[in-house]
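Subject: The structure we talked about

Hi there,

Here is the structure I promised to send over. Please open it alongside this email, and my notes will follow below.

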Amino acid sequence: MSYHFNKIEEKWQKYWAQNQTYKASNESEKPKYYVLDMFPYPSGAGLHVGHPLGYIASDIYARYKRHKGFNVLHPQGYDSFGLPAEQYAIQTGQHPALTTENNINRYREQLDKIGFSFDWSREVRTSEPDYYKWTQWIFIQLFESWYDEEAEKSRPITELEEIFSAEGNTRLNAVCDDDTESFTADEWNAFSADDKERILLKYRLTYLAEAEVNWCPQLGTVLANDEIVNGVSERGGYPVVRKKMTQWSMRISAFAERLLQGLDKIDWTESLKESQRNWIGKSVGAHVDFKIQNSPYKIGVFTTRPDTIFGVTFMTLAPEHELVKKITTPEHKEEVEAYMEATAKRSERERMADVKTISGVFTGAYAEHPFTGESVPIWIGDYVLAGYGTGAVMAVPCGDQRDHDFARHFDIPIKNIFENVDVSQEAYAGKEGTVIANSDFLSGLEYKEALNKVILELEKTGQGYGKTNYRLRDAVFSRQRYWGEPFPVYYVNGLPKMIEEKYLPLRLPEVEKYLPTETGEPPLGNATHWAWDTKNNEVVSNSEIDDKTIFPLELNTMPGWAGSSWYLFRYMDAGNPDRFVSEEAQKYWENVDLYIGGSEHATGHLLYSRFWTKFLYDRGWLTVEEPFKKLINQGMILGTSAFVYRLEGENVFVSKNQVKGNNVQPIHADVSLVNASDELDIEGFKRWRPEFAEAKFLTEDGKYIVGREVEKMSKSKYNVVNPDDICANYGADTLRMYEMFLGPLDQAKPWNTAGITGVHSFLKKLWKLYHNGEEFSVSDEKASADSLKTLHKTIKKVTEDIEEFSFNTSVSTFMICVNELTAQKCNSRDVLEPLAVLIAPYAPHIAEELWERLGNTDSVSTARYPVCEEKYLVESTKNYPVSFNGKMRFTMELPLDLGKDDIEKAVLEDDRTKNQLSGSAPKKVIVVPGKIVNIVV
């Protein structure tokens, strides 16, 4: 019987959907296991073969765990707020909700074809009001919370107000804005309601502040650092500049130490943990204040080397530092402003990465050294970042290479404060064993002693103090977009107020235009009904705003990471109208046992999700502090791009082997226009690119051969392979196994459609094992020892591979198994029934069909996983090499339990031995049981 994979796969996909085969229960006596993929943004392009890689891996593991007796939750949904749908709305006028719905339908169709065991009854979409109601609710809880550093946890803001009323803030150890002033209980109680609100904003875990942001004028929005690549927006490639804006921010910095410590408790790759450690960037040192001469201002700096303070010869401020404009002297104003404008066009990442360019401008102002009183010139330079530390550095050119390079470039003195060290050519960064010199009371001291003493002196004189600093900055939470979660916020006297929980969700309003307004407000500024009636608790027309009972609503929307920071918990209890997740469901599922997704989210989504989980844990809404127990980053499937070569300045294309010696422009060609021999369909290319319809193509023996290059699979590179085509031509089981066969899960590997035929042939061979011609043929006769050995060694190896996520070697093992069983002419149920279960996680459709034909009525997914029985792996015979005078002449299979004499007797009686001896007696017979036989003649 032929392997009709299309009919088989359609049949079982329909069966799974109708019977909700993979629906998980929140009540089960089985142990739980929660497998999750990073949910996709539903783009208009749909899936290409690179997208399902992680999903296939997680699906194999989820199916495996079901077979092993676990109650498995394996849900799927959509991160459905996003900029592409909004850009499409700007271009066409089509509402992003409609575009998103169409894209989701396309994604669902493609995902279903691949045969994933998702529990679709729990599907979430971040853009659905029933979902973002709870994103808004979490935002409100953050607003109504503060961070107690003494207790190391978040607490309700009402408790903070009680503390203020009773004792002010002078003894409070809480995370707050740097410019928060001290006050007594009497002063607090005398403040106006608005003043109290302004003070509380300095403590709230989400707050309004003027922040330095990445502004993209073409997109009309603020971008996160991970949305910028090489100084331009990841989406569209538009220029990005730095500017100050009043934004909502999340006080993630309060959790920095806990985020660091928590990494030791989770099973993530060390490289991923290191990415987060570096991003959090813990450093221990001191805060030092430098007074500015002839000015009421002072500059605070954080340094990890306060022991080098006597080596300071200048200071450098970030060009965006708030004091730059205030302290710059008139004669330097023009030059400083020009430098600030140029710096604003470079992203922070670009500035950090550029270690070769030395640039800066003198402000004309001077600071006073805290110990010597000497004048210290104040410069600005783009190697200092406003958001890191205080945005200012005390420059010690003898101890820091960037300061050294800056000083030499601008001819600033370099003072040496290290004993017996030459710093004329480069800085010296050593610590241990270093002796400080030319440093007053620090001279003659080694690093640690000098460090402790200078901090003591700074604290004694009130010019500084010991401090632990973190690179991690509070996360900007506002976006100037339409297609995002609306903030549940209205403004009274310019101060934010939260909409009550019972009136959530605050839904996105309809707008005529999705662009910012003519006055520069975000797209929600185009809404005509976007005001909050506090009397009737509803959205009303803007024209009714009276600042008495009707107030303006927030015009920004939340960023893309808002909905993805907590979605894992919604899957546990999707559809619950009363809570984002019930207490019972969360206690049962706890958190994600296995999370699979891309490493590009290391310092974005993964960090924010950990932050929100810790916050929700603090406030008692969760029982876990970490969202993901085990995390695996899948590698990327690369595309094999095709290139045609156009002669520069001519409408002529040369074939690949004619490129040498010519000045050519490589142009991507759609891979669908190229055959397996790399030959281009010239006429098809001309139809696809009509601007080249009249072009001349110089061929090789009548063929135009394209160039090939492995690069990221992308629609823009025309190297995308559609999984629908693979499923139609080879089947979903073939696609699943081939993607695993390509190489280790966590490594990048190129796609090659030509290689898929080998996996497809394997599945056809598997099918034939269960059939005799056109008839299903499985025997109830006892399996041979060889076949049982083949089965059980396969069970052992595949199980080990799945536990180690080495799926590529599992596929190879299955191929060896089927080849051996075919050679053994095995058709025994004892072997073929467990084999169907064993391969089911990888190729579920063919496994279901074979399982049914074996006479089973339930889905194969309910079958218990086969157990390896070691007794079948024990070798009972040995294939002895028989040598004559040390030269092996033949092999002989004998029972392993034969003694030395019996082995010798059996060998000597063999006809092949008699032929070798030709009637003469051997001088000696050497037998090593279990190893060799050597006959000396």
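What follows is a short tour, from the whole chain down to single residues.

A word on the source before we start: this is a predicted model, in which local features need pLDDT of at least 70 and side-chain atom pairs count only at pLDDT 80 or more, while totals for chains, interfaces and linings use all residues. Residues are numbered from 1 along each chain as its sequence is written, and side-chain values use heavy atoms, with hydrogens and water left out.

**The whole protein**

The protein holds 29 helices and 36 strands. Both are DSSP runs numbered from the N terminus: helices are H or I with at least four residues, strands are E with at least two. The C-alpha trace spans about 115 × 75 × 75 Å along its principal axes. Of the 937 residues, 54% are buried (buried means under 20% relative accessible area, exposed over 50%, and partly exposed in between, with a 1.4 Å probe and protein chains only).

The accessible surface is about 42000 Å², and carbon and sulfur atoms account for 46% of that. Accessible areas come from the Shrake-Rupley method with a 1.4 Å probe, and for residues only the protein chains shown count as cover. Among contacts with a separation of 6 or more, 70% are between residues 24 or more positions apart; contact means heavy atoms within 4.5 Å.

**A buried leucine**

Leaving aside neighbours within four places in sequence, Leu631 touches Met38, Asp267, Trp268, Thr269, Leu272, Tyr595 and Leu606. Leu631 and Thr269 are 362 residues apart in sequence, yet their C-alpha atoms are 7.3 Å apart in space.

**Salt bridges**

Side chains of opposite charge can pair when their charged atoms come close. Here a salt bridge is a side-chain nitrogen of Lys or Arg within 4 Å of a carboxyl oxygen of Asp or Glu, and by this rule there are 51 of them. Some to look at:

- Arg106 pairs with Asp724, with 2.8 Å between the closest N and O atoms. This pair links distant parts of the chain, 618 residues apart: Arg106 is in helix α4 (residues 96–113) and Asp724 in helix α21 (residues 723–729). Arg106 is partly exposed at 26% relative accessible area, whereas Asp724 is buried at 12%.
- Asp119 pairs with Arg122, the closest N and O atoms being 3.0 Å apart, and both residues are buried.
- Asp148 and Arg155 meet at 2.7 Å, N to O. Asp148 is buried at 8% relative accessible area, and Arg155 is partly exposed at 22%.

**Patches on the surface**

Patches are made of residues with over 30% relative accessible area and no salt bridge; like charges are joined within 9 Å, and nonpolar side chains (Val, Leu, Ile, Met, Phe, Trp, Tyr) within 5 Å. Lys and Arg count as positive and Asp and Glu as negative, with His and the chain ends not counted. The place of a charge is NZ of Lys, CZ of Arg, CG of Asp or CD of Glu.

The positive patch to look at gathers Lys244, Lys325, Lys326 and Lys333, with Lys326 in helix α11 (residues 324–327). A negative patch is formed by Glu538, Glu544, Asp546 and Asp547. Asp546 sits in the loop between β21 (538–540) and β22 (550–552) and is partly exposed at 34% relative accessibility. Ile926, Val928 and Ile932 make a nonpolar patch with about 200 Å² of accessible area together; Val928 belongs to strand β35 (residues 924–928).

**Backbone details**

Most residues other than glycine have a negative phi, and most peptide bonds are trans. Glu152, not a glycine, has a positive phi of about 55°; it lies in the loop between β3 (145–148) and β4 (153–156). Asp411 also has a positive phi of about 55°, and is exposed at 72% relative accessible area. Finally, a cis peptide bond with omega of about 5° joins Leu504 and Pro505.

Happy browsing!
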